[in-house]
Amino acid sequence: MTKAPKLLVLAGRRNATLDPLAEKFGVSHKCLVPVRGEAMIARVLNIVDAAFPGEPIFVSIEDFSILDGEPTAARLVREGRLKPVPAQEHIVDSVVSASAVTGFPLLITTADNVLMTPQSLRRMAEEGRPPVDALIAMARKGDIRATHPQGQNRFYEFKDDGFSNCNMFWIGSERALRATEAFREGGQFAKKPERIVKAFGILNLLRFRLGRHTLAQMLGFISGRFGVEVRAVVFDGEGRLAIDVDNERTHGVAEEVLARA
C-alpha cells in the first residue's frame, strides 16, 4: 500500500452567510447536506478512510462541535483519528494554518467532493513521490460530460483538451505552499478569468486566453511564477472526480451518479 501522506479535509464555511444549499436542507454548513441520505462530510471521510485505513484525518472547520452527532465523525473521534484544525477566514490561510499542525506531504480535498474515490486519492499519493512540490488533480471535458452532461458547465480550455479540477491537491513541503497563493482570489478561474491576472499575472492570462498551450505547458509557466513545480495528475476516463456539490444542480447530479453505482 502507498505510504500515507498527511490528510486534510476542508469543511469550513467560506463566510458568515449561510450557503444556499445548506439553507435548503436546514443545516448550518454545506458539509452536512445529505447526499443519498448521508452527510457529505461523512461520505468524504469514509472515502479518505478507505484510501488510507487507520491513518489520522485532519478536518479544517471553524467549530468542531458542528460535527457532533454525525456518526462517521463520531466513530473516527472514538478511534482517536479525527483531528480538528481551526478553519481561517480564507481557504489559503486555512491550508497554511492546518499545515503547521499536520506537516508534509499534505493531501487535501474538500468536504463536498463526494464522487471522489479511494483509488484516486492513492494515485495522488503515488504521483507525489519521490518529492513533488505540488499536484492538482484534473479530469477531461469529454469524460466529465460522459459521466453527466450537467456535471460541469465551465472548463479550462487548453491546446490539448478542456479540463476541470477534481478538488484533490498535493503539497509536498512548506516551500511548496507558495503554490496555494494561486487560490487567494477564490479560484473558479474558468468562471471568472479576470482572477487569473491577480493569481498568475497578465502574461499567463494572455496565454490562457489564446489557448495555444497545453495544460502541462501552462502549469510550467505557473511553476515559474511561484518558484515551485506544479504538475497535473490527469484522471483519464474518470469524469466523476471533477463533479463536486456546489449547488442544487450538482447536488442532483451527484445523487444520480451515486445511484448508478
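The legends below describe an overview and several close-up views of a predicted model. Local features are given where pLDDT is at least 70 and side-chain atom pairs only at pLDDT 80 or more, whereas totals for chains, interfaces and linings use all residues. Residues are numbered from 1 along each chain as its sequence is written, and side-chain values use heavy atoms, with hydrogens and water left out.

**Overview. The protein contains 10 helices and 10 strands.** Helices (H or I, at least four residues) and strands (E, at least two) are DSSP runs, numbered from the N terminus. Of the 261 residues, 51% are buried, where buried means under 20% relative accessible area, exposed over 50% and partly exposed in between, with a 1.4 Å probe and protein chains only. Among contacts (heavy atoms within 4.5 Å) between residues at least 6 apart in sequence, 74% join residues at least 24 apart.

**View 1. Strands S4 and S5 pair in the parallel sense.** Strand S4 (residues 57-60) and strand S5 (residues 82-85) are joined over 4 bridges, pairing being assigned if DSSP finds at least two bridges between two strands. Within this pairing, Val59 has Pro84 of S5 as its bridge partner. The chain passes from S4 through helix H3 (residues 71-78) to S5 in a right-handed β-α-β crossover, a term that applies if, with the strands pointing away from the viewer, the path from the first strand over the helix to the second runs clockwise.

**View 2. Arg13 lies in the loop between strand S1 (6-10) and helix H1 (20-25).** Arg13 is partly exposed, at 27% relative accessibility, and its side chain reaches the backbone oxygen of Ser28 at 3.2 Å, a polar contact being a pair of N or O atoms within 3.5 Å; within protein, one must be able to donate a hydrogen and the other to accept it, and residues adjacent in sequence count only if both atoms are side-chain atoms. Leaving aside neighbours within four places in sequence, Arg13 is in contact with Leu18, Ser28, His29 and Glu62. The C-alpha atoms of Arg13 and Ala87 are separated by 8.4 Å, although the two residues are 74 apart along the chain.

**View 3. Ser223 is a buried residue of helix H9 (residues 215-226).** Its relative accessible area is 11%, and the side chain of Ser223 reaches the backbone nitrogen of Val230 at 2.8 Å. Beyond its neighbours within four places in sequence, Ser223 is in contact with Val228, Glu229 and Val230.
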